[in-house]
Amino acid sequence: MPPPCQRAPIAGRRLPLPAVLLACTVLLLVSMILGIAVGSVPVSPRAVLQVIADHLTGHPRYSVADAIVWEIRLPRVLLAALVGATLATAGTVVQVLVRNALADPFLLGVSSGASVGATAVLLFGAFASLGAWAISAGSVLGALIAMGAVFLVSRQERALSPTQLILCGVVLSALFESVTSFLIFRGNPQATQAVLFWLLGSFGLATWQQLPIPAIVLAAAMAYLLAQGRSLNALALGSESAVALGVDLHLLRRNLFIVTSLMAGVAVAVSGIIGFVGLVVPHIVRLMVGSEHRRVLPTAMLFGASFMVLGDLLARVIVAPQEMPIGVITAFIGAPLLIVLIRRRPYLYGAAG
Amino acid sequence: MSLELRGLSVDIAGRRIVTGIGFTVPDGTFAGLLGPNGSGKSTILKAIYRVHRPAAGQVLVDGKELSALRPRDVARRIAVVAQEFTLEFDFTVTELVMIGRTPHKRAFDRDDDTDRAITGQAIERVGCQHLAHRGFNTLSGGEKQRVLIAQALAQGADHLILDEPTSHLDIRYQVEILELVASLGITVLAAIHDISLAALFCDTVHLIADGQLITGGPPQQVLTAATVHAAYGTEVLVIAHPETGTPHLIPRRTRRPDQPAPQTAPAPDPPDAAGP
């Protein structure tokens with residue numbers, strides 16, 4: 001037995017997961033109640049809870065407060081929470097899939113593909129027969145095409161390699177973005193403004209009908225990802241280590257690619273392209289709970305939801321009665337927060353030990 | 001618990017890197033894989049832990065062919081400490097060693113007391129208890145290598161593959177790591193850079209050059225000035241280690257300070273004879 005390594009231990013003990021999850025849940029609930037209460041017509045938190053309780057017990061009162069809370073703000077806040085949770089979770093997984101801290105859910109071409117689809121709808125009235133669903137349908141179709149293209153191009157001898165994925169994602173995204181630019185260039189100015197607003201992301205058009213699909217996708221993806229928690233940890237050590245630990249690498253990479261693309265695609269379809277949440281939240285969460293995926297995934301889901309609900313609240317309040325694009329807010333809060341955290345923890349991200 | 005290679009050949013990108021390698025690592029012994037840079041040592045190891053698929057030949061674990069086993073089952077029998085391990089994400093020592101339990105767990109299994117006990121024992125075995133809650137990226141090179149060995153131990157395999165476990169380490173950690181590996185009592189195959197160190201710790205060594213096995217056996221028989229020259233193309237003196245009698249290599253200069261033109265190297269033309 002060798003002598004023990006010489007160095008005084010530095011405290012690096014992790015916070016207990018139940019406490020972290022409880023704190024994040026409380027944060028999410030408080031954010032959601034705030035998000036519903038604050039607005040052009042303020043509703044007290046007590047009244048918010050009363051309206052929700054009335055509806056859940058089946059005795060709605062049909063007051064003005066009821067209409068504002070139940071028909072407008074609650075679906076909006078729920079959608080923001082779902083999209084935030086989806087993007088944060090997908091971002092966490094994409095960063096491991098390509099083993100790159102700069103990756104986000106839109107790396108693999110999903111957002112640029114969705115832009116082409118949505119732009120085609122907004123400018124040229126494609127899928128007009130689908131009415132309110134046309135933009136969602138267009139963006140999902142665009143996202144699927146882009147994702148399929150990246151998947152096919154980055155395959156090497158039936159394996160997806162991380163570097164190939166990044167390169168093909170970046171290159172094809174640039175291609176699809178130029179198609180979007182071309183469409184905007186050809187379109188009429190009024191419609192172009194609608195496109196730009198859509199590209200920046202918003203929850204302004206949230207309705208109850210929009211909620212089920214993102215909720216189902218998030219639940220199914222989360223179940224799969226939690227089941228793969230150990231394999232994700234092994235994958236985080238590198239592809240050779242994962243193979244040595246008995247992980248079926250090709251299968252895992254392919255499934256993760258499909259799951260994260262689907263999550264990003266659905267998020268884009270219901271709310272446009274909201275950047276930064278999928279990049280920043282995973283890092284903030286890892287700084288809080290470490291990189292163990294069975295800890296990171298549920299925390300990222302809850303924290304991502306809170307982050308987005310608060311971001312949407314700010315977007316509505318800061319320049320009221322106008323609404324800021326949510327993407328502006330997420331970047332303005334996320335960037336400084338991440339920089340502060342990174343500078344306080346220099347050992348993360350492979351800094352010399 | 002033996003590990004056997006039979007006529008193993010590996011192609012990478014259509015080029016044959018390793019040709020017809022065959023040797024056996026008997027139960028509980030420590031075998032060293034020696035050879036110059038680029039001779040195919042890592043490729044042989046990667047074929048064993050299934051990163052590369054053999055173009056021909058077989059790898060057998062306890063007489064069973066590896067390619068017939070499921071990835072999980074291979075991982076339960078063979079643990080690996082790979083070369084050049086870098087970690088992009090922040091794991092503590094305990095978390096990292098716990099990942100070694102992966103091949104023993106199913107989808108929603110939680111870490112149970114057995115896993116925690118095995119992880120704790122593995123960390124203790126490599127003498128890193130006091131580092132258990134430290135971040136892996138804050139450790140020194142020698143500490144990192146020990147933690148990776150602990151992860152391999154937690155995997156519960158009775159075969160261990162190591163790719164250059166002592167490169168980048170100073171002499172204290174080189175000796176410590178190899179002493180640790182030799183004391184584990186499991187079947188070990190390690191690619192080792194330093195021939196004398198390998199001779200000191202390994203039960204058998206196998207000398208590889210240009211993807212082919214030159215010779216193999218106990219270090220005393222295998223490592224001579226002639227075989228080392230055949231594999232590495234360099235002149236060395238081989239002496240016996242004063243304590244163990246194992247072969248120890250002393251490099252020779254091709255040009256010695258007191259002797260401008262040594263006999264072992266071709267003499268350069270004298271300057272005055274250079275002109276016509």
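## Exercises on a two-chain model

Let's begin with one residue of this predicted model: leaving aside residues up to four places away in sequence, B:Ile78 touches B:Ile48, B:Tyr49, B:Val61, B:Ala157, B:His159 and B:Ile161.

**Exercise 1.** Describe how helices H9 and H13 of chain A pack, and decide whether they are roughly parallel or roughly perpendicular.

*Solution.* First, locate the helices: H9(A) covers residues 229–236 and H13(A) covers residues 293–317. Their axes lie 8 Å apart, at an angle of about 110 degrees. Angles of 65 to 115 degrees count as roughly perpendicular, so H9(A) and H13(A) are roughly perpendicular to each other. Now see who meets whom: A:Gly229, A:Leu232 and A:Asn233 of H9(A) meet A:His293, A:Arg294 and A:Leu297 of H13(A). By class, the residues of this contact are two nonpolar, three polar and one charged.

**Exercise 2.** Work out how many residues each chain brings to the contact, and what the side of chain B is made of.

*Solution.* Count by chain: 36 residues come from chain A and 40 from chain B. On the chain B side, helices H2 (71–77), H3 (93–99), H5 (141–154) and H6 (171–183) each supply at least two residues. H2(B) has the largest share, four residues. Finally, sort that side by class: 18 residues are nonpolar, 11 polar and 11 charged.

Conventions. Residues numbered from 1 in each chain as written. Chains lettered and ligands numbered in written order. Predicted model: local features only at pLDDT ≥ 70, side-chain atom pairs only at ≥ 80, totals over all residues. Contact = placed C-beta atoms within 7 Å. Nonpolar A, V, L, I, M, F, W, Y, C, P; charged D, E, K, R; others polar. Axes fitted to C-alpha atoms, helices over the stretch in contact; angles between N-to-C directions. Parallel < 35°, antiparallel > 145°, perpendicular 65-115°, else oblique.
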